[in-house]
Amino acid sequence: MSVTMTEEKTRKEPAVIPELLKAHGITPEEYDRIKKILGREPNFTEVGIFSVMWSEHCSYKNSKALLKTFPKEGKAVMVKAGEENAGCVDIGDNYAVVFKMESHNHPSAIEPFQGAATGLGGILRDIFTMGARPIFNLDIGIPTVGGEIYFDSSYEGNPLVNVMSVGLLKHEELAKGAAKGLGNPVYYVGADTGRDGLGGAAFASKELTEESHEDRPAVQVGDPFKEKLLLEACLEVIKSGAVVGIQDMGAAGLTCSTCETASRAGTGIKIDLNKLPQRETGMIPYEMMLSESQERMLIIAQKGKEKIVEDIFEKWDLHAVKLGEVTDGHLMRVYQGDKLIAEIPAKALADEGPIYIREEKEPAYLKETRAFNINSIPDLSSLQGRKGARFTNLAPNTTVTCNDVLLQLLDVPSIASKAWIYEQYDHMVRTDTVFLPGRHDAAVVRIKGTKRALAAASDCNGLYCYLDPYEGAKIAVAESARNVVCAGGEPLGITDCLNFGNPMKPEVYWTFHQAISGISDACRALGVPVTGGNVSFYNESPAGAIYPTPTIGVVGILEDVSMATPSNFQKEGDVIYLLGETFNELGGSQYLLEIHAKRAGITPRLDLKKEVALQKALLKANKERVMSSAHDLSDGGLAVAAAEACLGEPGKFIGAEISSLGVIREKDVRIDAALFGECQSRVLVSLSKENAPKFEKILAEFSVPFTQVGTVGGNRLQIADKINVAVMDIEKAYRNAIPRRMEKVIA
Amino acid sequence: MKVSVVVFPGSNCDSDCFNVMKDVMKCDTQFVWHKDHDLKKPDLVILPGGFSYGDYLRCGAIARFSPVMREVVQFANNGGTVIGICNGFQILLEAGLLPGAMLANRSLKFICKHVWLRTENTKSKFTNRLKPAQVLNIPIAHGEGNYTADPDTIKRLRDENRIVFRYSSESGEIADKFNPNGAVENIAGILNEKGNVLGMMPHPERASEDILGSHDGRGIWESLLESAGK
């Protein structure tokens, strides 16, 4: 930021003038409000404090009004969205889970390695600050068990990095972020404070430009080792019973953690910056309050139990410095020795920031994309020669077969195996990962000491959301939940990470509003509450805004880990069922994009009633352990789903003979739509012949349309008389797609 | 069998080793903090995986200076049984209890996946329950597991039958294409001279229950139980 100065020691604080306010993103109206709250003019440090707390990143000022419409209630919900650092849901047997998804998009665009790493650190602190041990994730002893990777040119220059973490705790271990109890000591624990990440929250609240690289000091640097020590020490200190409240120092660091804990408890808080552990010399209060140095936490301890806290942090070689105490009243007071530096009502910062409802306007491009007529594209049986962008290497008049299209789609990085990526993360540490990544619809992680397991999946199809943000967001919720259900889990709650462009642009705000409505409607229909999440605006690069990308994460529970259902075919001779209905829906499909280079059309329609019935039927079938495998149809449709279901661990596969295309709801269904269309609410299931009557009875009970389409076996995948490919070729295309692009070698 | 699992700052497979030894193998198991000087009289010491002290220098280079390592070296020199897994193996190399060193994987990437290991020595106390040339399915998870040593050391390891595991195919074929990290002669695990210290990069504690996809790691624990006679 232009206002932070670089010369050491004898620095004079700048005067609070309109240019300074503008550089801090504070509008004249917001400044009037600040003056009214304080009853005076703010000083330089206070301007900094208000600017970060009222930034979009911390205050959600442009999204709060719409986020309120999410369903937040649920019978298992123990901590609702917005109450604490993350939502918390009961999973039975005296256990609960805390989970949340967060973005670290802006830092990752400027400084990908540190940006993504600190994104992880931030979300982990949100989880363990509640007393929960993160059980899914990476590198610091937490497995990274699943994920969603989607490649599209719209993210060039502004990649999205959304990290979801799920933590497990016993009910009595739940910790809250409130500064309760007058006179209780306020501890600063963890790493030293430096100038890194200065103004990160404000940085995250503007668009990326060519000059954004100059903001690099606003990107924090992470130390996973220290994070691991902090995690262990915090969980130990929470268990010790000496902690009243605990909160991580994430965005807006010390400022945010002090005013939020005080605001939640309805108390005041005072701290002395002279006691702050510092990594650099000559830091001024403004810098100390706004620093986003990583691996730091604020702990409100019980008076008289200071030694317990100090001893535990000493054991882990970390600071535990008494910085201040909980006070009467409602003020956050920042001192430097005896000198009062800032004095602001905590609630005004944490909860009473401005709330805006922005102007909306439907984007003009939608008229054009909706007008796309599928009949302008020849169906596959007659597709010849140089028709699609991806087939330009073919000689003129070459016939492109359905086999070619399938292999081409399996080579698309968004569809292909992500092993190249997840093999670079430890996904097995903690020895709970029952379903390894990449092979199943959802990750499944057992809970030691119980029969239970958790399933989790995340999803978002950015192209759908670009073409129809309402339907796209609805589908993201339904598909993540469907993935969890396919793997045997009953969805308990969702977390969202809403990635959009600049909300001041009416077109962006319109898509945001549409997506929120889509998420709300889907969650209400499925009976799954939103338990927390994150909004990331200003995801724009000089090339324009990203696709609207509301990433959804769903966590579900398996009462018994033996209910876990794989997504790949298991046994020769099993019969295959296709559940759901097929229409001529190709809009927004990977087929249109990759084979015909078209980002157009109307996305598949999702009928929530049918989706709910399908998921209920699958849950029941799972409970009765009828299915050998269940795999949801998504990108690339039936053909890609069937191909994926043929693949097991590398080098292990099984074929399938599918003779029917399922329940077709069109008079003249197109071959490309039947094979590669992405109609919603469809699942490919395999099971033993003996279980077929039981399974069909369950489907009938919930009125789920179905067809028995084929049999598992052999070493080829055949679909009707359209596709006939050796599974070995499927595996080659699917597994080599990313390595051959990243390493330019073909294994 | 009484088992002590050493916890360094940055260990992250400590609780996995603890759980397997205590809940799966039903051994009397305890943690030993790296600042402690008392190993608590174990029959087996496990140095678990992780990234001790952040491994910002060479892996294991700092951990070997931990107070507890003095006791571990003494314990090993007195014939006590020690197994170092992954980062634990790296620490054993740094502490001089095993010969050789680790380089970064030749792909220069961290690798986490299931691999196949061929058992090369079934006479050791770590492998007496395994069959000659038995192939085990055990995962690896490391960035620096590319074992190296000078040719004389390798020759000695070979001649003295101290190479215990090699990376192989599922059928036990040893070839470069089955070598995940570039280790010399596909070496995945080695013994010290006396045969009481084993270092291995793969994680047997992650392959000791069917629900995790493989129980092949149990063969190592069962061998240790057998040789401990309790």
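Mentor: A polar contact is a pair of N or O atoms within 3.5 Å; within protein, one must be able to donate a hydrogen and the other to accept it, and residues adjacent in sequence count only if both atoms are side-chain atoms. This is a predicted model, where local features need pLDDT of at least 70, side-chain atom pairs count only at pLDDT 80 or more, and totals for chains, interfaces and linings use all residues. Residues are numbered from 1 along each chain as its sequence is written, and side-chain values use heavy atoms, leaving out hydrogens and water.

Trainee: What makes the pair B:Asn196 and B:Asn192 a polar contact?

Mentor: Their side chains are joined at 2.7 Å, and the limit is 3.5 Å. A polar atom of the B:Asn196 side chain also lies 2.8 Å from the backbone oxygen of B:Ala76.

Trainee: Why is B:Asn196 called buried?

Mentor: Buried means under 20% relative accessible area (1.4 Å probe, protein chains only). B:Asn196 has 2%, so the term applies.

Trainee: Which residues beyond four places in sequence are in contact with B:Asn196?

Mentor: With contact meaning heavy atoms within 4.5 Å, they include B:Ala76, B:Thr81 and B:Phe126.

How values were computed. Chains lettered and ligands numbered in written order. Buried < 20%, exposed > 50% of the residue type's maximum accessible area, 1.4 Å probe, protein only.
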